[in-house]
Amino acid sequence: MCIYYKIDGVGYKISQTESKEEYRMISAGDFRNGITIELEGNIFQIIEFQHVKPGKGAAFVRTKLKNIKSGGVVEKTFRPTEKCPQARIDRKDMQYLYSDG
């Protein structure tokens, strides 16, 4: 299944896999800026991440995520061992032949 979006003049094609075997899982300890993940049925891009090792307690990864579909930004905390499916997104410039509205 593919979903097409136009955000800030750039066309996005988001390919969502149908079966769980096709997902590439990525652990929170491997997060980097620009990686896209699927979380709670939405697709997010990591804008910022910080690996925190407090003096007391377990380490965690603090992230700032941008929802690709709505453009909203949320903050979420993960344990470094948590895994999420990595979303596959193809980005390409597109020209629409119709006007919005």
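Colleague: How many helices and strands does the protein chain have?
Modeller: Keep in mind that this is a predicted model, where local features need pLDDT of at least 70, side-chain atom pairs count only at pLDDT 80 or more, and totals for chains, interfaces and linings use all residues. Residues are numbered from 1 along each chain as its sequence is written, and side-chain values use heavy atoms, with hydrogens and water left out. Helices (H or I, at least four residues) and strands (E, at least two) are DSSP runs, numbered from the N terminus. Along the sequence the pattern reads β-β-β-β-β-β-β-β-β, and the tally is zero helices and nine strands.

Colleague: What pLDDT does the protein chain average?
Modeller: pLDDT is the predictor's confidence in each residue, from 0 to 100. In this chain 75% of the residues score at least 70, and the average is 80.

Colleague: What share of the 101 residues is buried?
Modeller: Buried means under 20% relative accessible area, exposed over 50%, and partly exposed in between (1.4 Å probe, protein chains only). With that cut-off, the buried share of the 101 residues is 30%.

Colleague: Which rings make up the one aromatic pair?
Modeller: Rings of Phe, Tyr and Trp (its six-membered ring) pair if their centres lie within 6.5 Å; planes under 30 degrees apart count as stacked, over 60 as edge-to-face and the rest as tilted. The count comes to one aromatic pair. Here the centres are 5.3 Å apart and the planes stand at 90°, so the pair is edge-to-face: Phe31 and Phe78.

Colleague: How many residues apart in sequence are the parts that this pair ties together?
Modeller: Both Phe31 and Phe78 are buried. Phe31 is in the loop between strand E3 (24–27) and strand E4 (36–39), while Phe78 belongs to strand E7 (residues 73–78), so the parts tied together are apart by 47 residues.

Colleague: Which residue has its charged end over the ring of Phe78?
Modeller: A charge sits over a ring if NZ of Lys or CZ of Arg is within 6 Å of the ring centre and within 35 degrees of the ring normal. The charged end over Phe78 is 5.5 Å from the ring centre, and it belongs to Lys76.

Colleague: Is Glu75 buried or exposed?
Modeller: Glu75 lies in strand E7. Leaving out residues up to four places away in sequence, Glu75 touches Thr63 and Lys64. Its relative accessible area is 61%, so Glu75 is exposed.

Colleague: Which residues is Ser27 in contact with, leaving aside neighbours within four places in sequence?
Modeller: Ser27 sits in strand E3. With a relative accessible area of 15%, Ser27 is buried. Setting those neighbours aside, its contacts are Pro80, Glu82 and Lys83.

Conventions:
Contact means heavy atoms within 4.5 Å.
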